[in-house]
Amino acid sequence: MTKFDVSRRGVLKSGAFAGAGVALPTIFTASSAAAFTNEPTGSSVTLGFNVPQTGPYADEGADELRAYELAVEHLNGGGDGGMMNTFSSKALQGSGILGKKVEYVTGDTQTKSDAARASAKSMIEKDGAVMITGGSSSGVAIAVQGLCQEAGVIFMAGLTHSNDTTGKDKKANGFRHFFNAYMSGAALAPVLKNLYGTDRKAYHLTADYTWGWSQEESIKAATEAMGWQTVNTVKTPLAATDFSSYIAPVLNSGADVLVLNHYGGNMVNSLTNAVQFGLRDKQVNGKNFEIVVPLYSRLMAKGAGANVKGIHGSTNWHWTLQDEGSKAFVKSFGTKYGFPPSQAAHTCYVQTLLYADAVERAGSFNPCAVAEALEGYEFDGLGNGPTLYRAEDHQCFKDVLVVRGKENPTSEFDLLEVVEVTPRAQVEYAPDHPMFAGGSLGECNPGA
Amino acid sequence: MFGLNKKDTSVLIIVAVMVMLAPFLLNPFPSASGLAQFNAGYPDLMQKFVIFGIFAIGFNILFGLTGYLSFGHAAFLGVGSYSCVWMFKLLGYNVLPGILLSIAVSGVFALLIGYVSLRRSGIYFSILTLAFAQMSYALAYSVLSNPKFNLTNGETGLQVYADDPQWFHNPDRLPDLPHLFGLSMRATYKLDLGAWEFQFNAGYYLCAVIMLACFYLAIRIFRSPFGMMLRAVKSNQQRMNYTGLNSRPYTLAAFVISGMYAGLAGGLLSAVDPLAGAERMQWTASGEVVLMTILGGAGTLIGPVLGAGFIKYFENIFSKINDYVLHSWFSFLPDGMEDAVVFLIHPFIGKGWHLTLGILFMLVVIFLPGGLVEGGQRLVNWIRGRKAKSSTAAHETNPAE
């Protein structure tokens, strides 16, 4: 047993401490009643660039970071101004955002939701970032978007292709410029119809996680609508590196098209396996066997090497586009880094400009004002033609590119050629489309 | 005090004081200065320090005392996180039911895995636990997240949606975020003192109090006859068995206790940030807690907490230093020199934080096999030794030869 000795002095002492403790919060009243989270008060404003620097998508992350650095340079009036000169809105003057110099902090998402949220939280809580952007995976984008909604800052998504980001997991504080799986399906289907006809039997290999399912569902719906049959859909573990055991059954299934719903290293390996098995030289049902990779990127094409030749897929943007915006961006990116940007770099650069422009037009960094300025905003000159930021789900609507692996690449960057620019009207859908149903934006949250 | 001897009481008090004053101790640099980069006193990182401290304390009860090296402890962390978020989804945002359920569920889970894995020892035990953890990870990542039976929400991570039942949630009265009877876990009180800014976060203090309780419990286990039995398992299990004593109930109990610690840590992770991702169960997460324990000092009381703090500090602070920051630090140097210095440091910061951590880990393991705790002891001994020497030097005596 512990014995308590109560003395007069002890009581006084502890009373004084307790009193001081109770009084503490009233002595130091909160310094300023900020209108929203991390309101920039000094001469600069901090943006948070949260990209994968380690892990499977580190290449994409590195390219995203280059694009962000370029965007900051342009916003602060450095360099040649890039797409700021071709952007339809002229609110940005190269004098920072609302006259405040743009500064930035970076973090590593490691392509893990936890790490990405920890890194974004430290940007918000420690560095006072007023906007978070980046990421190269839908899981991370959704996780960070949720965090930004709770914390009351704007999230400008980087590379995220799953329908869920602006579907069932959409948030009022989150915005996506990149296209999605539904759009891939809608853009690819007519091209595939012209190339391969309406009587085809498709076999899907799908990475077994949210994005893979989302894409499989979209492509299946789009191809079945034009008359294709789906023979089988097989899920492959995300960690798989050898797909031979999944390719062999394809040969005996009677299918004549293989759809690879894979991304990054998965796609590189599965495509290589499929080509090594001689699928592309096969004749099935009297037709040439074909392979389709719905989501393409230049970095993936580089990994798969000669195997991508003649294979079709869709992409958000490609550096060989000849509009003024794309040309200006490729030029300033190339001047600074010595090689053309990837689609990940493009979407991140554009998102940064869009955010800065929205703040200028709204005249405030308040997330609710910024969201209002972005919602239903029509713009042009950023590389994808006339684009709309739809108010109902914060998804950008713009042309989608269908690309093909080039037969005779002239350089290590010239791996894809644009087959068709699918017009925006063809990839649009209702906000309550079944593939996107189930979520709600909720109220915009300014925090504090 | 509290049934502890004098030394343990002082350790507990020191830890308690440090944990309670962490917002001050971790923010030594004024927030406007360049060195503010190294400040760690913001809510998220402080929460991580104490939560992973709990995780490592629990792991140390198994590894430090019995010597059984589990490579699958992250599974319990993940199970705890999922349980807690499910409570948020079903009952509402009060953290108490979530935390309690996460302890209970991970305890049951640990009992099952432990019952099977503990039939083997040494490397076979490690591999079994690793296999179970990777199985749990695969289940959470894809198998249990299919649209028909969605328990974990796969890659996206389990989170609370607006259309979840939340039977006891009253949005008019309670915050729409995890809270303890109305006190939001995200409530932060900012204190401006001159150039410094200190943040006092409700979630951190909840985790800190729980961590102190866990630490106290761990001391009691270390000093109890049960703890002595576990140490006996470590030193020679065969001899124990020959004396007719069945050691398995003891190891199983230790396994379950440390699993519950991990589950509690997982629950707290969800309580301060209501999203549970499958990668919490990945083998890298299991490996991390092993590193924390060894880095800090396996089998010591305070070591695992230090190790956890050390690793989380590197992950969160060093990974955020980039070339832009470096250039601003070294801008006083002439241009060529500045670029050279940045070029030299570049591989060790930003995405290179793993490299820096790896080098430090190697240095610690090679020169301080007992971890950071041994480093501290050597430092104390060295200072004492110097003092003793200087006092003996004053009145040196010659041998009476």
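Mentor: Keep in mind that this is a predicted model. Start with helix 3 of chain B, where B:Pro43, B:Val50, B:Ile54 and B:Ile61 are among the residues that meet helix 7 of chain B. On the helix 7 side, the partners include B:Tyr204, B:Cys207, B:Met211 and B:Phe215.
Trainee: What classes of residue make up that contact of helix 3 with helix 7?
Mentor: It has 16 nonpolar residues, three polar and no charged ones.
Trainee: And at what angle do the two helices of chain B pack?
Mentor: Helix 3 (residues 43-66) and helix 7 (residues 202-223) pack at about 20°, with axes 9 Å apart. Angles under 35 degrees count as roughly parallel, so helix 3 and helix 7 of chain B are roughly parallel to each other.
Trainee: Which hand is the crossing?
Mentor: Helix 3 of chain B passes helix 7 of chain B in a left-handed crossing.
Trainee: New topic. How many residues does each chain put into the contact between A and B?
Mentor: Chain B gives 32 residues and chain A gives 34. In chain B, helix 3, helix 6 (122-143) and strand 6 (188-193) each supply at least two residues of the side touching chain A. That side of chain B splits into ten nonpolar, twelve polar and ten charged residues.
Trainee: What about the sheet of seven strands in chain A?
Mentor: That sheet is open, with mixed pairing and the order 7-6-8-11-12-16-17. Its edge strands are strand 7 (229-236) and strand 17 (416-422) of chain A.
Trainee: How do strand 6 and strand 8 of chain A pair?
Mentor: They pair in the parallel sense, over five bridges. A:His204 has A:Val259 in strand 8 as its bridge partner.

Notes:
Residues numbered from 1 in each chain as written. Chains lettered and ligands numbered in written order. Predicted model: local features only at pLDDT ≥ 70, side-chain atom pairs only at ≥ 80, totals over all residues. Axes fitted to C-alpha atoms, helices over the stretch in contact; angles between N-to-C directions. Helix = DSSP H or I, 4+ residues; strand = E, 2+ residues; numbered from the N terminus. Parallel < 35°, antiparallel > 145°, perpendicular 65-115°, else oblique. Left-handed = near helix turned anticlockwise from the far one by under 90°. Contact = placed C-beta atoms within 7 Å. Nonpolar A, V, L, I, M, F, W, Y, C, P; charged D, E, K, R; others polar. Pairing = 2+ DSSP bridges.
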